[in-house]
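Please read the sequence alongside the coordinates while going through this report.

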Amino acid sequence: MTETILVTGGAGYIGSHTTLALLEAGYDVVVLDNLCNSSNESLHRVAQLANKAALFVEGDIRDAALLDSLFAKHPISAVLHFAGLKAVGESVREPLRYYENNVAGTVTLCQAMARAGVYRLVFSSSATVYGEPTQMPIREDFPTGVPTNPYGRSKLMVEQLFADLAQSEPSWRIAALRYFNPVGAHHSGQIGEDPNGIPNNLLPYISQVAIGKLAQLAVFGNDYPTVDGTGVRDYIHVVDLADGHLKALQAMTSRSGLHIWNLGTGVGYSVLQMLKAFEQANGLTIPYRLVARRPGDIAECWADPAKAEEELGWRATRGLTDMMADTWRWQSANPQGYAVAAALNEPLSA
């Protein structure tokens with residue numbers, strides 16, 4: 001019997017790539033997304049790529065009645081939970097939005113799951129829960145720190161909620177995937193990252209400069225104690241990340257309690273190294289300027305992904321050149337993101 005998976009935030013960047021991976025793997029998918037930072041055009045394209053469509057429901061994880069109706073109507077056996085606000089700088093400015101959406105929304109979702117008797121959950125967590133570790137690479141057994149921003153704190157609160165939930169009720173089977181820095185796009189160029197306004201993340205910022213939407217890249221801080229003074233991160237291809245979610249979903253059929261895995265490559269690159277790699281992969285020159293550090297940013301952060309390889313049989317296989325080429329293929333084919341195509345399509349909904 002085909003499993004039906006509820007994907008919250010499934011029209012977003014990581015959610016849409018994972019929805020495609022689920023459909024290609026033979027699952028049925030129900031996507032719940034409020035479209036606050038996404039477009040359902042991504043799901044039109046996922047349907048074309050998979051030759052099979054997810055059922056799309058426009059709505060919010062904070063809507064308990066809607067969640068109850070979804071669990072009543074569909075034979076959902078597990079939830080992949082991506083729905084959440086994710087911009088570090090915005091979280092510093094608007095902490096209440098982040099706690100209401102990311103924490104209170106997850107409480108509402110878990111309550112609805114419990115009422116429906118659905119206890120298998122894969123959660124989109126973040127390496128920000130480690131705060132500022134004293135050594136690299138970061139392993140899952142490192143203590144969680146005090147994250148440097150409300151976004152990170154909201155992710156840590158949800159992980160703590162899950163730990164308490166798993167302790168109180170042995171039926172829960174929860175995977176918290178701490179990912180590092182997702183980048184890239186599907187190799188078709190049909191789906192990719194389409195942020196609202198000025199991008200908060202490095203690679204879409206670089207690619208929007210390359211396409212001419214933005215004049216130049218702002219490099220936040222060049223006085224960190226790193227190889228060239230700019231921040232160092234572990235960048236992981238979004239398709240590798242989507243594969244990690246499928247592996248975790250499968251693992252949680254036979255594991256009870258809360259399980260945590262890092263999803264990263266184990267290699268850190270600086271902002272300027274990423275810039276140079278993009279230029280070399282695509283034959284482009286990207287103008288940039290150095291500006292002050294952003295509040296909440298840390299100097300360096302990369303993963304030890306050994307636990308995911310050992311326990312899930314997963315590891316990242318796509319390198320820096322793939323990340324850069326796939327990003328530019330998506331951006332150059334979709335200079336306005338999903339906006340133009342979305343205006344031409346009929347609404348996609350249940």
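The report below describes selected strands, cavities, a pocket and ring pairs.

This is a predicted model, in which local features need pLDDT of at least 70 and side-chain atom pairs count only at pLDDT 80 or more, while totals for chains, interfaces and linings use all residues. Residues are numbered from 1 along each chain as its sequence is written, and side-chain values use heavy atoms, with hydrogens and water left out.

Helices (H or I, at least four residues) and strands (E, at least two) are DSSP runs, numbered from the N terminus. Buried means under 20% relative accessible area, exposed means over 50%, and partly exposed lies in between, with a 1.4 Å probe and protein chains only. Strand 1 covers residues 4–8, and because five of its five residues are buried, the strand is largely enclosed by the rest of the structure. Cover is present on both faces, with Thr4, Leu6 and Thr8 buried on one side and Ile5 and Val7 buried on the other.

Strands of a sheet pair through backbone hydrogen bonds, in either a parallel or an antiparallel sense. Here two strands are taken to pair if DSSP finds at least two bridges between them. Strand 1 runs parallel to strand 2 (residues 28–33), to which it is joined by five bridges, and Thr8 stands opposite Leu32 in strand 2. Strand 1 also pairs with strand 4 (residues 76–81) in the parallel sense over five bridges, and there Leu6 stands opposite Val79.

Together with helix 1 (residues 13–24), strands 1 and 2 make a right-handed β-α-β unit; right-handed means that, with the strands pointing away from the viewer, the path from the first strand over the helix to the second runs clockwise.

An open sheet with mixed pairing has three strands in the order 12-9-14. Strand 12 (269–270) and strand 14 (300–301) stand at its edges, each with a single partner strand, so one side of each is left without a neighbour in the sheet. Strand 9 (residues 232–233) and strand 12 run antiparallel and are joined by two bridges, with Arg233 opposite Tyr269 in strand 12.

## Cavities and a pocket

On a 1 Å grid over the protein atoms alone, a cavity is a set of points where a 1.4 Å probe fits but cannot get out, a pocket is an open set with protein on both sides within 12 Å along at least five of seven lines, and lining residues have an atom within 4 Å of a point. Grid points are joined across faces, edges and corners, and a volume is the space filled by probe spheres set on the points. Three cavities of 30 Å³ or more are present in the structure.

In the table, Ala, Val, Leu, Ile, Met, Phe, Trp, Tyr, Cys and Pro count as nonpolar, Asp, Glu, Lys and Arg as charged, and the others, Gly among them, as polar.

| Space | Volume | Lining residues by class |
|---|---|---|
| Largest cavity | about 50 Å³ | five nonpolar, four polar, one charged |
| Second largest cavity | about 40 Å³ | three nonpolar, five polar, one charged |
| Second largest pocket | about 150 Å³ | eight nonpolar, three polar, three charged |

The lining of the largest cavity includes Tyr13, Glu193, Trp330 and Gln331, and the elements that give two or more residues to this lining are helix 7 (202–211) and helix 11 (320–333).

Among the residues lining the second largest cavity are His81, Asn102, Phe123 and Lys155. Helix 5 (95–116) and helix 6 (150–168) each supply at least two residues of that lining, and the largest share, three residues, comes from helix 6.

## Aromatic pairs

A pair of aromatic rings is described by the distance of the centres and the angle of the planes. Rings of Phe, Tyr and Trp (its six-membered ring) pair if their centres lie within 6.5 Å, and planes under 30 degrees apart count as stacked, over 60 as edge-to-face and the rest as tilted. The count by this rule comes to four aromatic pairs.

Tyr119 and Trp172 form an edge-to-face pair, at 5.0 Å centre to centre and 90° between the planes. Tyr119 lies in the loop between helix 5 and strand 5 (120–126) and Trp172 in the loop between helix 6 and strand 6 (173–179), so the pair ties together parts that are 53 residues apart in sequence. Trp172 is buried, with a relative accessible area of 2%.

The rings of Phe123 and Phe162 have centres 5.2 Å apart and planes at 80°, so this pair is edge-to-face. Phe123 in strand 5 and Phe162 in helix 6 are 39 residues apart, and the pair links these distant parts of the chain. Phe123 is buried at 2% relative accessible area, and Phe162 counts as buried at 0% relative accessibility.
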